[in-house]
Amino acid sequence: MARKENHLLAAWIVALIATLGSLYFSEVMKFIPCELCWYQRIFMYPQVFLLAMAFVRKEFMIARYTLMLSIIGGTISSYHYLIQKVTFFRDTAPSCSIVPCTGDYLNWLGFITIPLLALIAFVSIGIISYQVIRMEKEGKYI
């Protein structure tokens with residue numbers, strides 16, 4: 001039986017892995033984050049704390065907020081990925097700060113980049129949050 005608590009826990013795990021991964025890339029691997037990476041962090045990092053508190057306190061309304069944070073963060077990640085991989089977007093991209101947003105520190109299998117990893121995390125949290133919202137509305141799995 002899928003319980004709402006399990007959904008909050010799963011979303012928290014995704015947010016925690018994404019946050020620790022971004023900190024690993026910047027603090028251990030010494031990859032300097034570009035401006036768009038900072039914006040993505042702004043929308044991911046708080047979710048670790050929000051989801052942890054919501055899980056402990058069984059506050060399922062947090063899903064509305066994590067869904068919105070994930071939609072905004074995912075939109076930024078999508079744009080960031082496009083300017084890295086699609087020539088049209090790369091050529092029209094505004095210049096970022098010291099580190100260009102068009103550069104990619106890692107390029108696994110030719111398409112997996114840091115913004116794509118962030119997008120996967122945002123989409124995962126968004127889907128989980130939507131499921132919690134739907135369960136709340138239907139009154140299921142209380």
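In the predicted model, cysteine 34 has a relative accessibility of 4% and therefore counts as buried. A disulfide is a covalent bond between the sulfur atoms of two cysteines. The assignment requires the two sulfur atoms to lie within 2.5 Å, and the number of disulfides in the structure is accordingly given as 0. Cysteine 37 also counts as buried, because its relative accessibility is 18% and the limit for this class is under 20%.

Aromatic contacts were examined next. A pair of aromatic rings is described by the distance of the centres and the angle of the planes. A search of the whole structure returned 2 aromatic pairs. In the pair formed by phenylalanine 25 and phenylalanine 31, the ring centres are 5.8 Å apart and the planes meet at 20 degrees, so the arrangement is classed as stacked; the criterion for this class is an angle under 30 degrees. Both partners are assigned to the buried class, phenylalanine 25 because its relative accessibility is 15% and phenylalanine 31 because its value is 17%. Through ring pairs, Tyr24, Phe25 and Phe31 are joined into a cluster.

Charged side chains are also placed over aromatic rings. Lysine 4 is positioned over the face of phenylalanine 60, at 4.5 Å from the ring centre. A further arrangement of this kind involves lysine 58, which lies over the face of phenylalanine 55 at 4.7 Å from the ring centre.

With regard to the annotated segments, the unreviewed UniProt entry places the feature "transmembrane region" at residues 7-26, 38-56, 63-82 and 108-133. Over residues 7-26, the chain is 100% helix and 0% strand, with the end C-alpha atoms separated by 29 Å. Residues 38-56 are likewise 100% helix and 0% strand, and the end C-alpha atoms of this segment are 28 Å apart.

The largest pocket has a volume of about 500 Å³. Its lining comprises 32 residues, of which Ser22, Phe25, Ile114, Leu117 and Ala118 lie nearest the centre. Two or more lining residues are contributed by each of helix H1 (4-28), helix H2 (35-57), helix H3 (62-85) and helix H5 (114-138).

Key: Residues numbered from 1 in each chain as written. Predicted model: local features only at pLDDT ≥ 70, side-chain atom pairs only at ≥ 80, totals over all residues. Heavy atoms only, no water. UniProt positions renumbered as here; feature names shortened; annotations may be inferred. Helix = DSSP H or I, 4+ residues; strand = E, 2+ residues; numbered from the N terminus. Phe/Tyr/Trp six-rings, centres within 6.5 Å; stacked < 30°, edge-to-face > 60°. Buried < 20%, exposed > 50% of the residue type's maximum accessible area, 1.4 Å probe, protein only. Lys NZ or Arg CZ within 6 Å of the ring centre and 35° of its normal. 1 Å grid on protein atoms, 1.4 Å probe; cavity = no way out; pocket = protein on both sides within 12 Å on 5 of 7 lines; lining within 4 Å. Points joined across faces, edges and corners; volume = space filled by probe spheres on them.
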